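Here is a colleague's note on how the parts of one chain meet. Please read it with the structure open beside you.

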Amino acid sequence: MSRIVYVNGDYVPEEEAKISVFDRGFLFADGVYEVSSVIDGRLIDNGAHLERLKRSLDELGMDAPCPLEEVEAVQMEMLKRNDLTEGLLYLQVTRGAADRDFNYPKGAKPSLVMFTQAKKVTENPAADKGLSVITLPDLRWHRRDIKTVQLLYPSMCKEEAKAKGADDAWLVEDGQVTEGTSNNAWIVLEDGTLVTRQLSNDILHGITRRAVMRFARERQIKVEERPFTVEEAQDAKEAFVTSASAFVMPVVSIDGAPIGDGKVGETVKGLRKIYLDEAGRL
Ligand code: PMP
């Protein structure tokens, strides 16, 4: 059965969904996106995703395609029309279609596109097995805080990880881990303290990162926001990544070095359970 895709005001079967070849998202990667998880027919932490969408648009001087309340109404309609109870909802805003020119076009109408992906997000075998990651230099641009659709370097890194038999990659700059290719990176110290890099233009301000940080602090688990090296991560008790689609996912080896005993640890198992238990109130 074909999905219903949203394109600039229309709900159409995916085979009929079309966007202009002059769309600046296509020509310049001049667009931003958000991915929200759906559990029990409900978008998780969606208010925070829409807030970040607004921030991404503002940072790029891009107009919103419509007020955020309308974006949300379309999101709800998409879940309904696709009968989506569990999976992902992807939304993308681009600066719109205009004759090719590096400078921003005047009067172009921003495009808004959405599609759903039905998927079991709460049950993921990787959560029991843990991920193996390799490290690669972070060669992305320096506005990683803006959630743009220019995802080629993360794709290259995921390909390299796969070719080396690993699940994903952590990116490294000036000797410190920035984040994962599509997630925020964390380590757990011997005393149970969680460490993740502080917010700046160097990383995406993860929505799941923020929620996990809050849930941890509510439970008197210490969280330090600072950079860490690959060596510190390899010597850590546990490691994990956070993202809106994978929630809390254990990392059990980095560049072939096992973290702790190389198995999924209790802290990360606990944090994943807390996140899934609390997701309903996000
Ligand atoms: N960093 C990067 C580079 C990402 O692509 C993502 C996922 N979009 C994240 C972090 C995690 O962010 P969030 O928890 O908002 O999905």
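The points below go from the division of the chain to the contact between its parts.

1. This is a predicted model, in which local features need pLDDT of at least 70 and side-chain atom pairs count only at pLDDT 80 or more, while totals for chains, interfaces and linings use all residues. Residues are numbered from 1 along each chain as its sequence is written, and side-chain values use heavy atoms, with hydrogens and water left out.

2. The chain is divided into domain 1 (4-118) and domain 2 (126-281), with bounds that come from an automatic or database domain assignment. The C-alpha centres of domain 1 and domain 2 lie 26 Å apart, and the contact (heavy atoms within 4.5 Å) takes 22 residues from domain 1 and 22 residues from domain 2.

3. Domain 1 and domain 2 bury about 1,800 Å² between them, 59% of it on carbon and sulfur atoms; buried area is the accessible area (1.4 Å probe) that two parts lose on being put together, summed over both. Of the area that domain 1 buries against domain 2, Tyr 33, Arg 52 and Arg 55 supply 31%, more than any other three residues.

4. Two salt bridges are found across the interface of domain 1 and domain 2, a salt bridge being a side-chain nitrogen of Lys or Arg within 4 Å of a carboxyl oxygen of Asp or Glu. Arg 143 forms a salt bridge with Glu 59, and their closest N and O atoms are 2.7 Å apart.
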